Structure formats: C-alpha cells, structure tokens
Amino acid sequence: MTEANNQTLSAAFPNFNIEGALELVSGMPSILVKIMNMFYAQYKDTAVADMQKLLDAKDYPGASRHAHTLKGLAGSIGATRLQETCLNLEMICKSENPESGLEPALNRFNQDMSATLALLGSKLSQFQ
C-alpha cells in the first residue's frame, strides 16, 4: 500500500489534474482517493451502457443530464480529458440536431470513460 500524497497520485494518474482535484478537497489526498473509489464503484459497469440506452431511446435530454453529471464528477477527480469529452457530448445532445456529430462524440466518450475506469481500477488498489 502506498500512502496517498500529491506526488504518488500524480505518478499513478499522469493524465489527471491531481493538483486541481486536490484543491477541491482542501488538499487532502485521502479524500480524493475516496472520491475516485466512489466514482469507479458507481460507474465501472454502468456509465457507457447507461449512455447508450439513453441515446438508443433518443432521450437526448436524459443523455445530456447524464453527460453533465459525469462531466462534473470527472472534474472532481481530475479526469480533465473525460470532463471535456462529457462536455462535448452534453452540448451535442442539447443541440437542435443531436444526431449530427453524435457517433464520433459517443465513440470518444466510450473510449475515454473506459480508459479512465481502467486506469482507476488498476491503480486505486495501491492506495487502499
């Protein structure tokens, strides 16, 4: 087990904005790790499938809300690439013609969410 601190978290999650995420939790790495664990536990099996279900049903307002929620949560753990991807998907779902541009945005969402969850799943155990 590794003690969570700014350096160990930054090393484990090199593409995350760990400093920004730590600012949101008053600089307490243990709280950030707890939030990362909660994000992983809640979304590891559902985030991609839930988004696909909403879009298959053409529930664009629901998909926009889901993307908005994930955008905020991604920001809170420092997953800035996923945060930007969720913002893009949210904006497409809110647009007048959401089907235009939806497929590449959804593919990027699926890739970024899967990569984020895989990284969390592989690295968080060292901070338990």
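Predicted model: local features only at pLDDT ≥ 70, side-chain atom pairs only at ≥ 80, totals over all residues.
View A. Buried residues of H5 are Tyr60, Gly62, Ala63, Ser64, His66, Ala67, Leu70, Lys71, Ala74, Gly75 and Ser76. The elements that cover these buried residues include helix H2 (18–24), H3, helix H4 (47–56), helix H6 (80–94) and H7. An α-helix has 3.6 residues a turn, so residues three or four places apart point the same way.

**View B. The crossing of helices H3 and H7.** Two packed helices are described by the angle between their axes and the distance between the axes. For helix H3 (residues 29–43) and helix H7 (residues 102–123), the axes come within 10 Å and cross at roughly 125°. H3 and H7 are therefore oblique to each other. The crossing in which H3 passes H7 is left-handed. On the H3 side, the contact is made by Met36, Phe39, Tyr40 and Tyr43, and on the H7 side by Met113, Thr116, Leu117, Leu120 and Gly121. Of the residues in this contact, seven are nonpolar, two are polar and none is charged.

View C. Val33 is found in helix H3. With a relative accessibility of 5%, Val33 counts as buried, because the cut-off for buried residues is under 20% relative accessible area. Leaving aside residues up to four places away in sequence, Val33 touches Ala4, Leu9, Leu124 and Phe127. One of these, Leu124, is 91 residues from Val33 along the chain, yet the two C-alpha atoms are separated by 7.4 Å.

**View D. Two loop residues with positive phi.** Most residues other than glycine have a negative phi. Ser26, in the loop between H2 and H3, has a positive phi near 55° and is not a glycine. Lys58, in the loop between H4 and H5, also is not a glycine and has a positive phi of about 55°. Are these residues buried or exposed? Ser26 is exposed, with a relative accessible area of 65%, whereas Lys58 is partly exposed, with a relative accessible area of 49%.

Notes. Residues numbered from 1 in each chain as written. Heavy atoms only, no water. Axes fitted to C-alpha atoms, helices over the stretch in contact; angles between N-to-C directions. Helix = DSSP H or I, 4+ residues; strand = E, 2+ residues; numbered from the N terminus. Parallel < 35°, antiparallel > 145°, perpendicular 65-115°, else oblique. Left-handed = near helix turned anticlockwise from the far one by under 90°. Contact = heavy atoms within 4.5 Å. Nonpolar A, V, L, I, M, F, W, Y, C, P; charged D, E, K, R; others polar. Buried < 20%, exposed > 50% of the residue type's maximum accessible area, 1.4 Å probe, protein only.
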